[in-house]
Amino acid sequence: MGHNARSVANTKRLSDYEDERDQDAFWEAIRPADEPLRHRWFLPAVVLILVVSVPWYLPSSVGGRLAAGLPVWTWITIACGLALAVITSFASLRLWRDGADEGGDAASDPESPAASGEKP
Amino acid sequence: MNTSVPEVTFGPGALAVLGGYLVVMLGLGLLGRLKQRERSLRDFYLGGSTFGFAVLFLTLFATQYSGNTLLGFAGRSYVQGATYIVSVTFMILVITVFMIYAPRLFRLARRFGYITPTDFVYHRFGSHPLRVLCVVLLCWGLANYVLEQLVAMGHGVEAISGGRMSFMQGVLLLVGVMLIYESLGGMRAVAWTDAVQGTLLLCGCAVILYTLVTADGGLAAASEGIRATSPERLEAPDARGLRTWVSTLLMLGLGVALYPHAVQRIFAAKNEISLRRSLGAMAFMPLGTTLLAFLIGFIALSRFPGLSQLESDKVTIYVLGGLIDRSPVMYWLIVMVFAAVVAAIMSTADSALLSIGSMFTKDIYKSYFRREASAREMLIVGKTFAWGIMAILILMAWVSLETESSIWVLIELKLEFMVQLSPVFMLGVYWRRMPASAVLTGMVLGTLLTLVIWCGAAFDVWATRSPWGVGAGVWGLLLNYGVCVGWTVLRPARRPASVSA
């Protein structure tokens, strides 16, 4: 399916394909210049924070002991939430680069190559 | 200790604020109509993909945080106690999950001009049954999501009018205004109203947070109160509770990240920088909003112990209503907070409704009934469908008044199904070898398993819909992922395996 459309795929938008799909054009277009999962530390760091955020390791003696008006163990979860927010925000701002936007606001211009489906 | 809930009396000032707010919303709808560049689906459903950082961030924020956050989450925190702190983690995790698939999806959407999330599904897998199943599951989830907002609208207006307006009058008023501005200006009007609603919500949350930690002894007094009446709700979860915690993280973290109206905001971004900055800021928002809802429920537990499941949805109203007579300043602050609650409810409902209309029009009507339909015809069909769905949901909201069904039950029903789309996006953007047959089979089996577990519990065939502390939707999801991976790995390769693009 779609192989006969391969040669003109780069000038088409999805609505032009009807039932034909060019998978090569799809997979050519999908990869940004940089993305969080390409950094090998990102996913393990997220998993580690999540594992620590779940209070499975606490001794039963901790119980409902309070600190600053909340149970002590909830502060660990809140701190992990902050760490997850920092790492996520860092990933969004520093580990993700599309590479197609450097020319600016392409999609907003219906006449632009990006908006019409052509490669920039 | 005060164990009776307060009578909340806002007075005419609050009604004037609500009326003024609704007039502003209608004005923005009209402005959105005037600013339309063309009568196209992209312009109506994605605002022409022109949203910069400020509007994109506020519309993401107002859409993500709904009436459910401020009313339902607080109610859940009341029922569950301190262990509901998990809500803060899963709302941040939603943005983390975006980091996995959004970079690729955004790129594809720009390149191929996607309007709906299922545009990606069909483009990637080329399967009609898969596209239809995805639309059905997403619309099912979204319809429940809107229904939940309608219930919250009714409670919100009933409270802010001091009982002068009934639940159903409140629903009809807000839905009427919402449908008018949405039909006039589409996504552009929705995003602009979201910007106003998001600003109100941010300010409202700051006010509540300040009020909660300063009034009546703050958190320390609340914890001591809970220790006296229900100390078990201060304790860390036991083994089963830990499994439920992980199950909740999986279901909410993965499920909420697939809300179609949130995915469509990825498509609506003006450029990559606006999107990255918006998501970067969104990662911190749960620490102000979800944490706040948790604290409201926590404080309510100390002040109003023994509320029923249905009453627990109103603990935000009870906690803030108890502060309203303290001073004129406090009165207007609380009025602003309730305006923010109404804003949050409307902004979520309008976005979800717009998304339902876009999927029905583009993925069902255009694809299977009228392939030659013009943009104008599709816009009319989309709006008509949205109005029809809303009429049915209003009827269902009225029925919900007669039952003891709380908001939380509705949330679970929607996410249990929507989360089954997770492999489509999470694996679909990375694993070229994964075929449509694997995804479709996984999704069908996962959804069926979820339904069987859920219905078995509902009809008392077995005791719980969370066997071993793990939710029905998560059991379905595990089966779903297992089938997708197993099927793909075991099937004979038709071409050299290229695992990633």
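The legends below describe close-up views of a predicted model.

**Figure 1. A:Ala68, a non-glycine residue with positive phi in chain A.** The backbone angle phi of A:Ala68 is near 50°. The residue lies in the loop that joins strand E1 (66-67) to strand E2 (70-71) of chain A. Because A:Ala68 has 11 C-beta neighbours inside 10 Å, the residue is classed as exposed.

**Figure 2. B:Trp468, a residue of chain B with positive phi that is not a glycine.** Phi of B:Trp468 is about 60°. B:Trp468 is placed in the loop between helix H20 (436-458) and helix H21 (472-490) of chain B. With 11 other C-beta atoms within 10 Å, B:Trp468 is exposed.

**Figure 3. Packing of helix H2 (residues 42-53) against helix H3 (residues 72-94) in chain A.** The axes of the two helices come within 9 Å and cross at roughly 165°. H2(A) is therefore roughly antiparallel to H3(A), and the crossing of H2(A) and H3(A) is left-handed. On the side of H2(A), the contact is formed by A:Phe42, A:Ala45, A:Val46, A:Ile49, A:Val52 and A:Ser53. H3(A) contributes A:Thr77, A:Cys80, A:Gly81, A:Ala83, A:Leu84, A:Ile87 and A:Ala91. Classified by residue type, the contact of H2(A) with H3(A) contains ten nonpolar and three polar residues, and no charged residues.

**Figure 4. Packing of helix H3 (residues 53-64) against helix H12 (residues 272-282) in chain B.** The angle between these helices is about 40°, and their axes are 9 Å apart. H3(B) and H12(B) are therefore oblique to each other, and their crossing is right-handed. H3(B) takes part in the contact through B:Phe53, B:Leu56, B:Phe57, B:Leu60, B:Phe61 and B:Gln64. The partners from H12(B) are B:Ser274, B:Leu275, B:Arg277, B:Ser278, B:Ala281 and B:Met282. Eight nonpolar, three polar and one charged residues make up the contact of H3(B) with H12(B).

**Figure 5. The contact between domain 1 and domain 2 of chain B.** Chain B is divided into domain 1 (12-429) and domain 2 (431-493). The centres of domain 1 and domain 2 of chain B, taken over C-alpha atoms, are separated by 26 Å. Domain 1 of chain B gives 23 residues to the contact, and domain 2 of chain B gives 24 residues. On the side of domain 1 of chain B that touches domain 2 of chain B, the elements giving two or more residues are helix H7 (128-160), helix H10 (239-256), helix H18 (407-418) and helix H19 (422-426) of chain B. H10(B) supplies the largest share of this side, six residues. The residues of the side of domain 1 comprise 13 nonpolar, seven polar and three charged.

**Figure 6. The contact between chain A and chain B.** In this view, 57 residues of chain B are in contact with 52 residues of chain A. At least two residues of the side of chain B that touches chain A come from each of helix H5 (86-112), helix H6 (117-125), helix H9 (218-229), H10 and H12 of chain B. H5(B) gives the most to this side, with 16 residues. By class, the side of chain B that touches chain A has 32 nonpolar, twelve polar and 13 charged residues.

Figure 7. Residues up to four places away in sequence not being counted, B:Ile180 touches B:Leu26 and B:Gly29. From C-alpha to C-alpha, B:Ile180 and B:Val399 are 24 Å apart in space, and they are 219 residues apart in sequence.

**Figure 8. B:Thr348 in helix H16 (residues 328-369) of chain B.** With 27 other C-beta atoms within 10 Å, B:Thr348 is buried. B:Thr348 and B:Leu202 are 146 residues apart in sequence, with 15 Å between them in space, C-alpha to C-alpha.

Technical notes: Residues numbered from 1 in each chain as written. Chains lettered and ligands numbered in written order. Predicted model: local features only at pLDDT ≥ 70, side-chain atom pairs only at ≥ 80, totals over all residues. Domains from an automatic or database assignment. Contact = placed C-beta atoms within 7 Å. Helix = DSSP H or I, 4+ residues; strand = E, 2+ residues; numbered from the N terminus. Nonpolar A, V, L, I, M, F, W, Y, C, P; charged D, E, K, R; others polar. Axes fitted to C-alpha atoms, helices over the stretch in contact; angles between N-to-C directions. Parallel < 35°, antiparallel > 145°, perpendicular 65-115°, else oblique. Left-handed = near helix turned anticlockwise from the far one by under 90°. Buried ≥ 20, exposed ≤ 12 C-beta atoms within 10 Å, placed from the backbone.
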